[in-house]
Amino acid sequence: MHTLMQCLQRLRVLGVILMLAVLTAGLVSTAQAADPDQELNQAVGTINADTWREVKNGENFIDTRHDSTYSLINTSGETWRQIRNDWISPGGLIALGSMLAILVIFYLIVGRNDLDAERTGRKLLRWTALERAMHWTVATLFIVLALTGLNLLYGKFLFRHAFGDAFWANLVSLTKLTHNYVGPVFGILLLLMLAKWLTVNLPKKHDWQWFKQGGGMVGKKHPDAGFANGGEKAWYWILASVGLLVIVSGFVLDFPLFGQTRDNMQWANMFHAVTSLILMAVALGHIYIGTLGTEGALEGMTTGYVDETWAKQHHNLWYEEVKDSAGQPEQQNPPVDDDTATANRPN
Amino acid sequence: MAQMKFLCDAERCIECNGCVTACKNANETEWGIQRRRVVTLDDGQPSEVSISVACMHCDDAPCMAVCPTDCFYKTDDGIVLHDKDICIGCGYCLYACPFGAPQFPKQNAFGERGKMDKCTFCAGGPAETKEEEYEKYGANRIAEGKLPLCAEMCSTKALLAGDAQTISDIFRQRVVYRGHKDGGWSSVDKAQASAPDVSANLDNMAYDATRAEK
């Protein structure tokens, strides 16, 4: 009984204290409301457009993830997605498809560029063993990279539905591994090849004439050409410019070790896709001209030797320089000698 | 079907990182992988505000659109999941994601990143067995009829998870109760302070969820 009374008394005291507290709180809040600037400063509402702009630029926020360099809102991701999916992806198909179509139509209408005269049987050393090895290595790697690259861009529309998940999983992971490990090897070899063939590909005045005559298709007389004709030089300089961009952008993508941001990677990816698709399209032309398109051209890169007639027709300036060194391969092959081959190459 | 979403009420988030810890614990993610994070704006300023961010399970998910392997899929509940058996770790999903949700266990030369990991809305992922599923993707609480642990454990109920309709109703009620004329996240123009109806503007501010109704 006694304790109950005590309890009630304590409760009453507590109630008075609580009431006082509530009253004080009320007074305080009235005081705050009287100072609107103060209240505004304490409100979430002061996160304004400027703050959001800073956040978009990756400033004025902290993040609990240990290695996070990510901005809260990555607006460029959607732009990248649209450019990649809506422009580059269909654009690449259009570029490659129309190149193939042009070549097929050209072959059907114009046909192979035959030799004007009979072969003489005398052979000229055009590509040394080292050059041929380089060419075919780079060519093989190029094709491997092109196919794996195309698979990364278009494969999902085809193989997963056609062959099922397990096949697709293996194919695509092999594709990525191959592409990422073969890429740097290709890059280094391409740079070496460009360095090796720089001197013979320096532009000359007669190259302009070569282009004006469409490489011999316009007018009767075949235009002048040195060791490399205008078309070969164009392909060289496409590789030296666009190819270089492919290598640089590929390096950025393949080695994410230098603090690349998402924006860097988006740019590198777009550059890599566009430039490599251009290279693929032009390479189709290169392959056509080197094989089906020109009689007697492929043997230069397979055996190293070209026929005298072919040299006279396609590279007259070079032929004038080297015609005396021509030999009969069935009797005796001229020794493979880098220095001689370079000396005999007026461009 | 339901459309599962997260919604973080920035007015309530107290940056306790309970959601981050709950997620890490529920899914036992790899070292270095942190599916959920808390971002704080204007840190140290009176206007400081925090928000919990993870995969937002977008309706039109950019990660799905750019993935070269097509390893992403959407469940009937609108949850964006991915198949780690098909993922090649190319990083494209991360480049496209608006929220930086995809993460990779490594970042080495030759683009060696390992398999991508991200928030699964505690819905696991494709696997033969439960053990394999837990190993690869973490908890599948959705299959047990539970919501993601981050939201379940949020001490202030700032982080809401569930059907979009339901959680936006909850949030709408809060906003109405707070009396903000523009809704939950809009800014209050400081210039309003000098306007004649300053007290009305102040009453409309959303900062005080405990303010009594008029």
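User: Leaving aside neighbours within four places in sequence, which residues is C23(B) in contact with?

Analyst: C23(B) is in contact with R35(B), R36(B), L149(B) and C150(B). Two residues are in contact if their C-beta atoms, placed from the backbone, lie within 7 Å. The model is predicted: local features need pLDDT of at least 70, side-chain atom pairs count only at pLDDT 80 or more, and totals for chains, interfaces and linings use all residues. Residues are numbered from 1 along each chain as its sequence is written, while chains are lettered from A and ligands numbered from 1 in the order in which they are written.

User: Why is C23(B) called buried?

Analyst: A residue is buried if 20 or more other C-beta atoms lie within 10 Å of its own, exposed if 12 or fewer, and partly exposed in between, with C-beta atoms placed from the backbone. C23(B) has 25 other C-beta atoms within 10 Å, so C23(B) is buried. C23(B) belongs to helix α1 of chain B, residues 18-27. Helices (H or I, at least four residues) and strands (E, at least two) are DSSP runs, numbered from the N terminus.

User: What makes R160(A) partly exposed?

Analyst: The count for R160(A) is 19 other C-beta atoms within 10 Å, and therefore R160(A) is partly exposed. R160(A) sits in helix α6 of chain A, residues 159-163. Not counting residues up to four places away in sequence, R160(A) touches D165(A), W168(A) and D70(B). V172(A) is 12 residues from R160(A) in sequence, and their C-alpha atoms are 9.6 Å apart.

User: Why do W52(A) and T303(A) count as partly exposed?

Analyst: W52(A) has 15 C-beta neighbours inside 10 Å, so W52(A) is partly exposed. T303(A) also has 15 other C-beta atoms within 10 Å and is therefore partly exposed. W52(A) is in helix α3 of chain A, residues 49-56, whereas T303(A) is in the loop between α11 (298-302) and β3 (305-307) of chain A. From W52(A) to T302(A), 250 residues along the chain, the C-alpha separation is 63 Å. From T303(A) to G183(A), 120 residues apart in sequence, the C-alpha separation is 28 Å.

User: How do you know that the span of α5(A) agrees with its number of residues?

Analyst: The expected span of a helix is 1.5 Å times one less than its number of residues. Helix α5 of chain A (residues 129-154) has 26 residues and should span 38 Å; its end C-alpha atoms are 37 Å apart, so the two agree. F142(A), L145(A), T148(A), G149(A) and N151(A) are buried in α5(A). The buried residues of α5(A) pack against α7 (165-196) and α10 (262-293) of chain A.

User: What describes the packing of α5(A) with α7(A), and what hand has the crossing?

Analyst: Two packed helices are described by the angle between their axes and the distance between the axes. Axes are lines fitted to C-alpha atoms, for helices over the stretch in contact, and angles run from 0 to 180 degrees between N-to-C directions. The axes of α5(A) and α7(A) come within 8 Å and cross at roughly 145°. A crossing is left-handed if the near helix is turned anticlockwise from the far one by less than a right angle, and right-handed if clockwise. The crossing of α5(A) with α7(A) is left-handed. The residues of this contact divide into 15 nonpolar, eight polar and three charged. Ala, Val, Leu, Ile, Met, Phe, Trp, Tyr, Cys and Pro count as nonpolar, Asp, Glu, Lys and Arg as charged, and the others, Gly among them, as polar.

User: At what angle do α9(A) and α10(A) pack?

Analyst: Helix α9 (residues 230-254) of chain A packs with α10(A) at about 145°, their axes 8 Å apart. The crossing is left-handed. By class, this contact has 13 nonpolar, nine polar and no charged residues.

User: Where in chain B does pLDDT stay under 50?

Analyst: pLDDT is the predictor's confidence in each residue, from 0 to 100. In chain B it stays under 50 over residues 189-214, for which the model has 37 contacts beyond four places in sequence. Where pLDDT is low, the predicted coordinates should not be read in detail. The mean pLDDT of chain B is 85, and 83% of its residues reach 70 or more.
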